[in-house]
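Here are my notes on this model. Please read them with the structure open.

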Amino acid sequence: MSGTLIPEALPLPAVPRTLSLGLVLVVLIVAFESMAVSTVLPRVAEQLSGLALYGWASSAFLLSSLFGAVLGGVLADRRGLAFGAVLALVLFAAGLLVGAASPTMLVFVLARLLQGLGAGGLAALPWAVISTRYPPAARARMLAAISSAWLLPALVGPLIASVMADQWSWRVVFWGLVPLLALSAPLCVLPLRVRVRQPSEGKAARSNRRVLWAALALSVSAGALVEGLRRADALGLLLGVAGVLGVGLSTRTLFPAGMWRFAGGLPSALMVRGLAAFAVMGTTSFLPLALNELRGLSLTGAGIILSLGGVTWTLGSWIQARLEDAHGEASRPLRIRAGLGGVAVGVALTALGVLGVLPLWVVYPAWVLACLGMGVGYTSTSLFAMSSASPEGAGQLSGQLANIESLMVALAAGIGGALIARVRPLDGAFTLAFAVTLLGAVLALVMVGRLRRASGP
């Protein structure tokens with residue numbers, strides 16, 4: 001996202017009392033959708049005969065959310081945050097309605113793309129507001145509160161979604177979220193009516209256009225790469241090469257220089273954060289299907305595992321907030337290393353449990369460990385990134401934090417989906433998919449040292 005909400009010399013307007021509630025509510029809406037879709041996606045693929053497009057159901061949502069986050073920033077610059085929030089809510093609701101009525105898997109994927117446009121605009125709001133409206137001492141607690149918005153969806157979302165799919169239809173899951181949006185929209189929009197003025201509207205407009213085109217190019221390029229991986233022909237090779245080149249070029253505008261080579265400071269913080277998301281959220285994209293296909297676990301059983309992960313992720317976020325208050329910035333590198341170590345070990349044990357090398361019960365504590373590690377390490381990395389950026393770059397940072405997550409998880413889901421579509425038998429496909437996400441976790445852990453050197457005196 002471009003310079004959304006860049007602070008100027010004049011004092012900011014008073015923050016409405018309901019702002020924190022509005023931010024949490026925005027995340028709550030997106031969290032319900034995410035947890036529900038992750039749970040019922042195997043049933044959707046089965047009933048729509050769409051296993052070949054399974055990875056696209058996640059990647060389309062994530063890649064369009066990347067563009068949606070940047071578009072939301074541009075609209076916030078030009079029309080204010082309230083306008084962007086309204087548009088995002090409308091797009092999200094339209095995507096839910098189309099998804100509920102989808103006759104084929106292709107239409108369902110297109111509906112997910114529409115949902116992603118709206119979800120991206122909604123998901124970027126908390127980062128922009130926290131970076132500019134909250135003092136540094138309150139950011140860790142607010143980040144923990146935002147993470148806590150996943151608690152209720154994590155506890156009941158997968159269970160409710162699986163029961164709805166088993167008792168009625170997976171389509172009811174999408175219909176049921178629309179009334180929630182209608183009730184929540186006023187509380188989400190009204191606190192955002194106050195607009196923070198930009199110091200240089202002409203310069204901001206030019207920057208907005210440049211970043212918006214770069215975000216569109218990145219979404220299209222990453223999509224070409226995902227499709228290239230899914231296809232086993234000459235066109236697939238061409239799409240893959242074009243996708244890699246496009247991703248490399250477009251990220252030069254959206255992210256700081258040196259990110260792909262883990263340059264010290266903010267570039268390495270974004271990459272470590274992105275790789276952690278690649279590992280855990282990427283695994284989440286195919287974990288329910290793997291549990292169902294390889295271990296015969298029902299949607300409800302798989303949903304329980306996702307619920308445990310969501311709860312422990314929230315717990316980890318609160319733990320890091322307490323540690324931040326007690327020990328300050330100096331403890332961040334150690335927290336990040338410990339958290340990402342838990343992620344690597346947890347993903348590895350989860351894979352062994354799902355693939356049958358270890359007993360199935362191992363998956364439960366293993367996934368808890370992975371998500372607890374994410375709560376501690378992932379959020380601590382976000383705080384490190386915030387402290388590495390200048391106040392003038394707060395709006396841009398909010399977009400970078402959202403976009404690196406969307407990009408890396410979309411790539412992980414796309415690679416997993418391509419393996420599921422192309423590799424037989426399925427246990428071989430899932431073995432390779434777990435290996436890919438575990439590699440991301442290990443690489444994130446190894447590169448934590450770059451943060452330590454950058455944060456030193």
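1. Phe286 is buried, at 1% relative accessibility. Buried means under 20% relative accessible area, exposed over 50%, and partly exposed in between (1.4 Å probe, protein chains only). This is a predicted model: local features need pLDDT of at least 70, side-chain atom pairs count only at pLDDT 80 or more, and totals for chains, interfaces and linings use all residues. Residues are numbered from 1 along each chain as its sequence is written, and side-chain values use heavy atoms, with hydrogens and water left out.

2. The whole structure holds 6 aromatic pairs. Rings of Phe, Tyr and Trp (its six-membered ring) pair if their centres lie within 6.5 Å; planes under 30 degrees apart count as stacked, over 60 as edge-to-face and the rest as tilted. Trp170 and Phe174 make an edge-to-face pair, 6.0 Å centre to centre with 90° between the planes. Both lie in helix H7 (residues 170–189), 4 residues apart. Helices (H or I, at least four residues) are DSSP runs, numbered from the N terminus.

3. Phe286 sits in helix H10 (residues 266–295) and Phe434 in helix H15, so the pair ties together parts 148 residues apart in sequence. Phe434 is buried, with a relative accessible area of 2%.

4. Which residues of H15 are buried? Among them are Leu426, Phe430, Phe434 and Ala441. The buried residues fall within an arc of 130° seen down the axis, so they line one face of H15. That arc is taken from the directions from the helix axis to the C-beta atoms. The face turned away carries the exposed residues Leu439 and Val446.

Key. Helix = DSSP H or I, 4+ residues; strand = E, 2+ residues; numbered from the N terminus.
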